[in-house]
Structures are given as C-alpha cells and as structure tokens.
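Subject: A structure for you to look at

Hi there,

Here is the structure I promised you. Please have a look around it first, and then read on for what turned up.

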Amino acid sequence: MPSDAFVAQLNEQIGHEYAAHQQYVAIAVHYDAETLPQLASFFYRQALEERDHAMMMVQYLIDADEHVIVPGVAAPQVDFKDIVEPVSLALQQERRVTEQINALAATARNEGDYTSEQFVQWFIKEQVEEVATMSDLLRVVERSRDDVMEVENYMAREQPGGEGSDPTAPKPAGA
Ligand SMILES: [Fe+2]
Ligand SMILES: [Fe+2]
C-alpha cells in the first residue's frame, strides 16, 4: 500500500502534469496560428505525453485502491513575444517537473514505500529525456530566431521527442 504522504503528493503531481498539458496545448496553438506547423505538431505531441503522464499516475492510484483527485488547473500562458519564449518556458517547466518527480521519489523512500519508489523511476528517466530534448530545441530556436524556416526544417528533419512507444512505460488509465 502506498504511504498517505506519497498518495497526497502524487495527487498534486497529477495537477502539475495536467498544467503542463495545458501549457503545451497553448504553445502548440500559438505556433499553429503563426503557421509554424512543425513546431506546432511537436508541442501537440508533447501535450499528449503530459496527459499520459497524468493518466499513468491516475492508474497507479486506482490499482492501489487509493482516492484519485481529478484536478483543476491554472490557466496557461498564451501570449508570447517571439518564437524563443515558448521553448524557454517549456524548458523551465520540464526542470520544475524534474524537481517535483525527484521530491516524489524522496517521499517514497523516506516513507519506506518501495513500490511507489519503483513506480517513480520511469518518470525520473523520462524527465532526463524531456529536459535534454527541450534544451536542444532552445539552442536551435535561439540560433535561428530570425530564420523560422530553418527551425521548421530542423523539426521536420530531426523529429525531436518522437521516440515511438516505450514498452517500459506505465499504463495510462483508460488506454
Ligand atoms: Fe510529464
Ligand atoms: Fe514533460
């Protein structure tokens, strides 16, 4: 059985993952409106991944017979001054989530809740990838901020984050 402290913190994390989902939808819509389809589709895809993270956490709590709180979330930022700002916001968000995931692992360990500690391991690995993907992308958009087509070509060529399905990933609720 997961510890009460871990369950409370995981329920909060579900809210953070949904907030990340909403922020990525807002960024995708912004790029889509600017007719930057490659950047838009990257962020639409990232948004779906965040939604899956939330639903993986929901499934874990359901499997453990714990109470799931489906959260409301604060409104995302929707206005951006240039093509760099959304990516820089995304990188900050991924760094913050990494800290939150590490804090979840620390709570699980402090509580002697090894099952939850193991559950969190996949997210630790996932955050390493997401921070790396976003800092690569930040370098690209900073370098080419005056040549957006160069960024679009890079996205079309490299497909950052399009890693396909991961058999080690926890199952999202409803999948
Ligand atoms: Fe996430
Ligand atoms: Fe993420």
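Let's begin inside: the largest nonpolar core has 26 residues, and Y31, F43, M134, L137 and V141 are those with the most contacts within it. A nonpolar core here means a set of buried Ala, Val, Leu, Ile, Met, Phe, Trp, Tyr and Cys residues joined through side-chain atoms within 4.5 Å. Buried means under 20% relative accessible area, exposed means over 50%, and partly exposed is in between (1.4 Å probe, protein chains only). Helices α1, α2, α3 (84-110), α4 (114-143) and α5 (148-158) each supply at least two residues of this core, and the largest share, six residues, comes from α4. A second, separate core has 21 residues, among them M55, M57, A105 and A108. As background, nonpolar side chains tend to be buried together in soluble globular proteins.

Before going further, a word on the ground rules. This is a predicted model, where local features need pLDDT of at least 70 and side-chain atom pairs count only at pLDDT 80 or more, while totals for chains, interfaces and linings use all residues. Residues are numbered from 1 along each chain as its sequence is written, chains are lettered from A and ligands numbered from 1 in the order in which they are written, and side-chain values use heavy atoms, with hydrogens and water left out.

Now the overall picture. The protein chain has five helices and zero strands; both kinds of element are DSSP runs numbered from the N terminus (helices H or I, at least four residues; strands E, at least two). The radius of gyration is 17 Å, close to the 16 Å that the globule rule gives for 175 residues, so the chain is as compact as a globular protein of that length. That radius is taken over C-alpha atoms, and the rule is 2.2 Å times the number of residues to the power 0.38. Along its principal axes, the C-alpha trace spans about 55 × 25 × 25 Å. Buried residues make up 47% of the 175 residues.

After α2 comes D65, whose phi is positive, near 60 degrees.

Next, the rings. A search of the whole structure finds seven aromatic pairs. Rings of Phe, Tyr and Trp (its six-membered ring) pair if their centres lie within 6.5 Å; planes under 30 degrees apart count as stacked, over 60 as edge-to-face and the rest as tilted. Why is the pair of Y24 and F43 called tilted? The ring centres of Y24 and F43 are 5.6 Å apart and their planes are at 55 degrees, so the pair is tilted. Y24 lies in helix α1 (residues 4-33) and F43 in α2, so this pair ties together parts 19 residues apart in sequence. Y24 is buried, at 0% relative accessible area, and F43 is buried with 0% too. Y31 and F43 form a tilted pair as well, 5.8 Å centre to centre with 35 degrees between the planes. Elsewhere, F6, Y60, F119, W122 and F123 form one aromatic cluster.

Is Q46 buried or exposed? At 4% relative accessibility, Q46 counts as buried. Leaving aside neighbours within four places in sequence, Q46 is in contact (heavy atoms within 4.5 Å) with Y24, E130 and M134.

Enjoy exploring!
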